[in-house]
Amino acid sequence: MFSLFESIGRYTLLMKKVFSRPEKMRIYRERIMYEVEALGLNSIGLTAIISVFIGAAITLQMSISLESPFIPQYLIGYATRETMTLEFSSTVVALILAGKVGSNIASEIGTMRITEQIDALEIMGVNSASYLILPKIVATVFFFPFLTIFSMLIGIAGGYVIAVVTGIMIPADYIEGLQYCFVMWEVIYSLIKIAVFAFIITSISAYCGYYAKGNSLEVGKASTRAVVLSSIVIMIFNLILTQLLLT
Amino acid sequence: MIKAQNVIKSFGDRTVLKDISVEFATGQTNLIIGRSGSGKTVLLKSLVGLHNIDSGAIYYDDVCFSELDFKARKAIRKDVGMIFQGGALLDASTVAQNVKLPLDLFTTQSEEEKMERVNFCLNRVNLDNAHHLYPSELSGGMIKRAAIARAIVMNPRYLFCDEPNSGLDPQTSIVIDNLIHDITKEYNITTIINTHDMNSVMEIGEKIVFIYEGNKWWEGSKDDILHADNRELEDFVFASAMAKRAKLAVK
């Protein structure tokens with residue numbers, strides 16, 4: 001229990017250091033653009049592949065589960081949209097990105113720690129925490145919501161394609177279902193969630209890497225710890241945010 | 001001048017530095033020598049502020065560095081250059097970007113002025129054609145030379161080197177030693193080098209401090225070291241059979 005409080009304390013102090021005034025805004029802007037590419041744009045492919053298949057799978061499953069003359073077919077499109085919007089494109093995509101981006105951040109910063117690159121920055125007088133971590137946080141918090149919107153669209157498109165290809169339902173019914181009872185707040189709720197999850201993934205992974213010690217084995221452990229911790233905290237915050245924003 | 005006064009540093013129950021007092025003069029290559037695990041890296045990292053000392057004081061000229069807060073230390077750090085054992089170049093940046101980073105962050109120079117300074121420093125360490133190379137594309141000696149270029153780009157008054165020759169062949173080691181020595185003289189820098197390479201000691205050691213089990217055991221010049229009446233130092237200096245035979249031959 002003591003170790004948990006110690007970790008929370010160290011994490012808070014690190015975040016205080018991260019959000020202190022940057023040395024030179026121009027350099028940070030350049031680094032943010034670099035991180036948008038490294039952490040955001042490079043995740044588009046993975047997000048697209050997973051979203052299209054999940055969207056298609058949800059549509060298939062719904063068509064099997066809702067196969068009844070008493071249930072209108074457009075509900076399949078409606079269920080696909082709701083699943084993608086409310087949970088998959090924010091929470092599940094965040095869990096996937098925790099694996100990809102989180103382990104990347106933890107291993108990058110952990111390697112910099114054990115090869116004394118962070119010490120070198122400190123010696124130069126650079127606030128290493130802010131220089132290394134702040135651009136990653138800003139990049140992911142601003143870019144991940146776009147990934148979520150992209151995931152929603154491509155997942156829904158995946159459902160449409162499978163409906164057309166397999167002929168399980170009339171495409172017009174699917175489209176009708178997508179438009180049925182559409183609440184904009186659900187999309188906003190999803191975007192708020194992914195922004196919070198982006199902060200969780202980046203800051204926790206950076207924390208695990210920043211305090212890595214020893215050798216390459218420890219960097220590997222820090223990377224695993226980053227993914228596990230981020231995933232657990234994401235699940236907890238998913239509940240909290242749903243309770244706060246949706247009920 | 002850099003001065004350590006009664007410096008004590010512990011990690012848990014283990015006291016690594018035991019009341020060390022030593023002074024390093026300006027314009028000299030000062031060497032800290034000692035066996036692996038003797039505490040010389042901890043001393044160097046304490047001097048540079050990467051470790052906070054338990055008690056005692058560290059002075060940079062007349063300023064008590066160990067009592068300064070983070071902000072005040074930051075001002076002094078702009079006068080500090082450090083060469084790490086593995087070079088510690090940023091992997092994601094090219095050699096030129098690594099050398100230019102301190103200029104980008106702490107000066108208001110134009111891009112042309114910065115590149116002029118970068119070119120000058122890379123030329124000084126004979127790395128004229130390595131601007132666009134990444135650290136993974138460099139040899140061990142080139143990494144050390146790029147690290148030296150980065151360390152001197154801000155015209156430091158204090159230069160710290162943590163085992164600058166480790167992993168290098170004897171010829172490249174001499175090149176690196178001479179480079180550090182020449183830069184020290186050229187810019188009148190207070191240079192402190194942490195090493196266990198006896199070639200470095202005999203080549204460039206103007207002041208040598210021998211650390212043994214966390215204590216300052218001996219200090220003197222490279223001329224004194226051969227005649228020092230100190231068993232632990234003798235064991236360290238003449239550890240190899242060849243060195244022992246050479247000493248006997250001199251006697």
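How many nonpolar, polar and charged residues does the lining of the largest pocket have?

## Basis of the model

This is a predicted model, in which local features need pLDDT of at least 70, side-chain atom pairs count only at pLDDT 80 or more, and totals for chains, interfaces and linings use all residues. Residues are numbered from 1 along each chain as its sequence is written, chains are lettered from A and ligands numbered from 1 in the order in which they are written, and side-chain values use heavy atoms, with hydrogens and water left out.

## The largest pocket

The lining comprises 14 nonpolar, six polar and 18 charged residues. Here Ala, Val, Leu, Ile, Met, Phe, Trp, Tyr, Cys and Pro count as nonpolar, Asp, Glu, Lys and Arg as charged, and the others, Gly among them, as polar.

Of the 38 lining residues, those closest to the pocket centre are A:K17, A:R113, A:E122, A:Y210 and B:L50. A pocket is an open set of points on a 1 Å grid over the protein atoms alone, where a 1.4 Å probe fits, with protein on both sides within 12 Å along at least five of seven lines; lining residues have an atom within 4 Å of a point.

## The contact between the chains

Chain B contributes 28 residues to the contact and chain A contributes 18 residues, contact meaning heavy atoms within 4.5 Å. On the chain B side, 15 residues are nonpolar, four polar and nine charged.

One salt bridge is counted between the chains (a side-chain nitrogen of Lys or Arg within 4 Å of a carboxyl oxygen of Asp or Glu). A:E116 and B:K45 form a salt bridge through their side chains, at 2.9 Å from N to O.
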